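Visitor: I'd like to learn how to read a fold from its model. Could you walk me through one?

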Amino acid sequence: MPKTTKKSPDLDRFSKNYLRQWNKRATVRSTEPYTIRESDTRSYTIPETMQPLANEPEVRALGKAAVRTLELQTFHNFLDDIARGEIDGVTAMCGRLANDEFSVSFPDSARQVALTVATDEAYHAFVAREYMKEIETVLGVEPVGVPPKSSAVDCALEWVETKAPDALKHDFWVITLCFAEHLITHELLDFKRDSEPGNAFHHVLSEHLTDEGRHQIFFEEVLRHFWKGLTEKRRKQIGKVLPDFLAAFHFGWFPGIVDWNKAALRGLGFKPKQAERIVKQCYTRLYEESSKKKYDSPTVAHSESLMVRSELLAHAPTRKLLVDAEWVRP
Ligand SMILES: [Fe+2]
Ligand SMILES: [Fe+2]
């Protein structure tokens with residue numbers, strides 16, 4: 001594949017500094033993971049936004065123990081998403097960045113940082129699986145037994161595989177990586193802000209965020225370097241299909257999580273039709289409460305901030321297409 005090589009002193013300088021700090025700061029190097037204890041059941045809560053079904057009157061009527069089971073299964077689900085997504089999506093694409101497989105070349109220092117990110121993410125997957133085991137053995141709640149759902153990263157990669165123009169597939173791998181790493185950090189920060197300090201969930205988020213804050217800034221630099229390094233023709237080609245990519249990334253996972261929630265309610269004893277009705281009424285209400293424009297969604301707003309910071313929106317034709325499709329504020 002023809003490569004555009006542009007010198008990028010900013011990314012190189014940033015990456016060299018990053019490598020100097022990684023040995024001291026990475027959790028895989030320096031942190032003993034939190035151990036979930038039985039006493040965590042006393043303080044345990046997940047943020048309300050993470051499991052809206054816990055507030056449905058018919059679910060609450062089952063009693064506190066059932067609501068707690070649903071919340072702990074949601075915690076399992078969150079950890080399962082990390083355990084799978086970090087490996088299938090992020091680690092694999094970091095390997096491609098390290099091997100310089102994209103149409104814009106990256107400095108050696110940035111390729112080495114990509115390997116440290118892959119190491120961090122594989123460790124996050126390892127720790128997530130350890131926590132799942134502890135929730136099962138210490139707190140006595142098993143995960144909901146359904147086939148794995150598709151995460152935002154899975155949906156974006158599936159779009160790349162099946163819908164992106166062949167010539168742009170490699171470019172969309174690095175774009176997926178940057179958008180995923182940006183959004184994951186914001187979601188973890190949002191959940192941490194909304195969770196009770198000191199509980200197991202809060203500890204898990206704090207540990208993960210020790211690394212993700214660093215990753216987020218790195219991938220802003222990566223996207224800026226990549227976008228600047230593209231030819232104008234290639235930028236226009238990518239901009240044209242960026243709205244479709246964002247649709248897969250931001251909304252493609254929705255049917256999977258609806259199915260997961262139905263299975264969770266069936267596990268609590270609801271009949272399949274009841275489970276379907278409760279999930280439908282909950283999500284319909286949430287959908288109606290949310291605003292109509294895509295850019296008003298908090299997760300879409302996080303991607304918009306990445307596109308501003310990486311200067312992707314400084315490209316007028318791309319910005320116009322995204323504004324017209326309501327991904328970006330006019
Ligand atoms: Fe991670
Ligand atoms: Fe990360």
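This is a predicted model: local features need pLDDT of at least 70, side-chain atom pairs count only at pLDDT 80 or more; totals for chains, interfaces and linings use all residues.

Visitor: Which residues of H7 and H10 make the contact?

Guide: On the H7 side they are Ala152, Cys155, Ala156 and Trp159. H10 contributes Asp244, Phe245, Ala248, Phe249 and His250. As for the spacing, an α-helix has 3.6 residues a turn, so residues three or four places apart point the same way.

Visitor: How many helices and strands does the protein chain have?

Guide: Count 14 helices and zero strands. With a radius of gyration of 21 Å, close to the 20 Å that the globule rule gives for 330 residues, the protein chain is as compact as a globular protein of that length. Its C-alpha trace spans about 60 × 45 × 30 Å along the principal axes.

Visitor: What share of the residues in the protein chain is buried?

Guide: Buried residues account for 41% of the 330. Among contacts with a separation of 6 or more, 80% join residues 24 or more positions apart.

Visitor: Where does H5 bend?

Guide: Look at Glu86, where H5 bends by about 45°. Just after H5, Asp100 has a positive phi of about 60°.

Notes
Residues are numbered from 1 along each chain as its sequence is written. Chains are lettered from A and ligands numbered from 1 in the order in which they are written. Helices (H or I, at least four residues) and strands (E, at least two) are DSSP runs, numbered from the N terminus. The radius of gyration is taken over C-alpha atoms; the globule rule is 2.2 Å times the number of residues to the power 0.38. A residue is buried if 20 or more other C-beta atoms lie within 10 Å of its own, exposed if 12 or fewer, and partly exposed in between; C-beta atoms are placed from the backbone. Two residues are in contact if their C-beta atoms, placed from the backbone, lie within 7 Å. The bend at a residue is the angle between axes fitted to the seven residues ending there and the seven starting there.
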